[in-house]
Structure formats: structure tokens, C-alpha cells
Amino acid sequence: MIIQHRYRMRAGNPMPAINDLFFYQTFMAEKVRVDIYEAKRDVDLLVTDNFRGRGGEFISANYTRLPYKDTSGNIMFSGNEEHIPEYIDEDDVPGA
Amino acid sequence: MPCDCNIAGMFDIELDGIISASMNSSADIRLTSDGVILLGPAFGTINLVAYPYPPNPSSNEDRLLGVECPTRVGASINWVRRYDCDDDKYYFIPQTGGSAWVEGDMPNNVSFELGPFSEYKSFSASASSGPATVYLDTYHRDGFNLIYTGRPIAFQAGRPEPINILSSRLPSGIELYLQSFSLEITPPFSSQVSYSFVFVYNLP
């Protein structure tokens, strides 16, 4: 599994000010952990109870069936799973 | 599993006039970065070389297929390989035939479904057996979708179908898909055809 992080600034639209200047107001940032699976067993895929609406810690997941099985005969999937966003300070976004 | 040797004349291939037959295959096995071993189907090819006439020495059939000049014929058939995750199998889907060519005379049992579209002079010269060796000027014709009505396996490249041969030697259910064909006629001696098939062995 590879762990990746995705960031999203929480902000409104840029507002024009004076002398060709614009204000861009931000309200913290979202940091989303994404787990990327090269191959995951069918029995290990997330189920409904793993998602936020049912008290779980994930917001989305998608999988693609692979034309492979593991040595135990399990059907394998590649895919990624997104965790619930964590709110961080704008200055903690890499490159900000 | 021990090997088993026998004489080639006893090799049961369900067809007459086979000169040689060989099989190459390997399973698609991968290792993920997490150390999981992934096992996929085995893909392979089977190559056959055969005489395009009855092997019976008393046969009166023309062994040169009606040509007088050295002649070569080639054809390819394109297949798309697709995985069906519903039934966990790979399928070969034919594309619309393939290109074909004839260099030399047109043999009796060979024709193009479409074409020939171009015809131009070609040649073959070699002095490897001495400078007195003859060389040949021939004609090359390019067409599409070869039709071969000869032996041992007739086919129409524009209407490709899987072929069931070697059923006693291959795992059950395997179908062979012709991907290339060639015919070489060398007057005054003989002629031979070559077939190359592709196949997939899906995991049970």
C-alpha cells in the first residue's frame, strides 16, 4: 500500500480590491489521506460500515478488478481509499 | 513431472503432413510492492510447419501449388485481447482481418479477399553459394484478408475463427487463434506452410 496525501485550500473566490489587487481569503485547508493499493483481496475491500455516514473513517473508495488471483485463490483488486479530511492550517500545506 | 520421449512420427497432432510443432508459453506472474504474489493466466504460442499437400508419396497432387517461380506468401490476423471480470477469463476478439502479400506467382489455393492494391517488382539475390548462383526478379502484391483453401488448415483471414487442434495435448477448453501464416514454394523441390497460433490458458 502506498499512502498519498491530497490537499485542498478552503477559500472563496478572489475579490477585486483597488489598484488591480485581489483579496483571496482562505479558511484553513483539507488534508486527505489516500491509501493506494496495487492489489487487495476481495475479502479486504471496504464495506458500508467503514464509511463516514455509518461512523467509519473513510469518505470514498474505488476498485478495479485485476486479472490475477493470489496464491490462496482470492480475487484481487487495485484501488484507492480516501480517509475523512483533516483540517490543517494553510501554512502547513506543502508549497504554501 | 518426468519428461517422456518418443519418436516424432508417433506424435499425435490430428493433422496430416506436419513437419514440426512447438509450443512456448508462460504464466503472467507478478509481485506487488507489498510482497503479494499475483497469478494470472498463461499466454502462449504454437507454431506449426507442414506440407500443403497430402503426405502420401503416391499422391498426384501438385506439390508446387501451380506455381513455376519461387513464391512466398504471408498474412497476419490481428486479435484484441480483453479480460472479462464477470467470468474471470481472457477473450480474443478478431479485428477486421489483416494485411497479406504474395511475392512471386499466385498459388492455386491463395487469394485476397480485398486487393491486390499494389504490385511492384521485387528481387532476391545471394552469392553465398558462389557468384554463379542465380538471382530472381519477382513481383510483390499487397492485399488484405488472405484466403487460403489449402492443407492442412484452410482459413479466411477476414472471418477468423478459433481452431481446435492438439486437444489431446493442451488443457481442455483451449482454443487457438491464428495470428500469422506463411507459405513458401521452392520449385522444383517442394513447398511448406507455417502457422503461428496464440492462446490463453485461464486459471481454473
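Okay, ground rules: it's a predicted model, so local features need pLDDT of at least 70 and side-chain atom pairs count only at pLDDT 80 or more, while totals for chains, interfaces and linings use all residues. Residues are numbered from 1 along each chain as its sequence is written, with chains lettered from A and ligands numbered from 1 in the order in which they are written.

Chain A first. You get 7 strands and 0 helices, where helices (H or I, at least four residues) and strands (E, at least two) are DSSP runs, numbered from the N terminus. The radius of gyration of chain A is 19 Å, well over the 12 Å the globule rule gives for 96 residues, so chain A is more spread out than a compact globule. That radius is over C-alpha atoms, and the rule is 2.2 Å times the number of residues to the power 0.38. The C-alpha trace spans about 65 × 25 × 20 Å along its principal axes.

Now the contact (C-beta atoms, placed from the backbone, within 7 Å). Chain A puts in 11 residues and chain B 14. On the chain B side, strand β2 (residues 37–50) gives the most, with 5 residues.

Last, the core. The largest nonpolar core has 30 residues, and B:Leu146 and B:Phe197 have the most contacts inside it. A core here means buried Ala, Val, Leu, Ile, Met, Phe, Trp, Tyr and Cys residues joined through C-beta atoms within 7 Å; buried means 20 or more other C-beta atoms within 10 Å of the residue's own, again placed from the backbone. Leaving out residues up to four places away in sequence, B:Leu146 touches B:Ala75, B:Ala100, B:Val110, B:Phe112, B:Ala157 and B:Phe181.

How values were computed. Two residues are in contact if their C-beta atoms, placed from the backbone, lie within 7 Å. A residue is buried if 20 or more other C-beta atoms lie within 10 Å of its own, exposed if 12 or fewer, and partly exposed in between; C-beta atoms are placed from the backbone.
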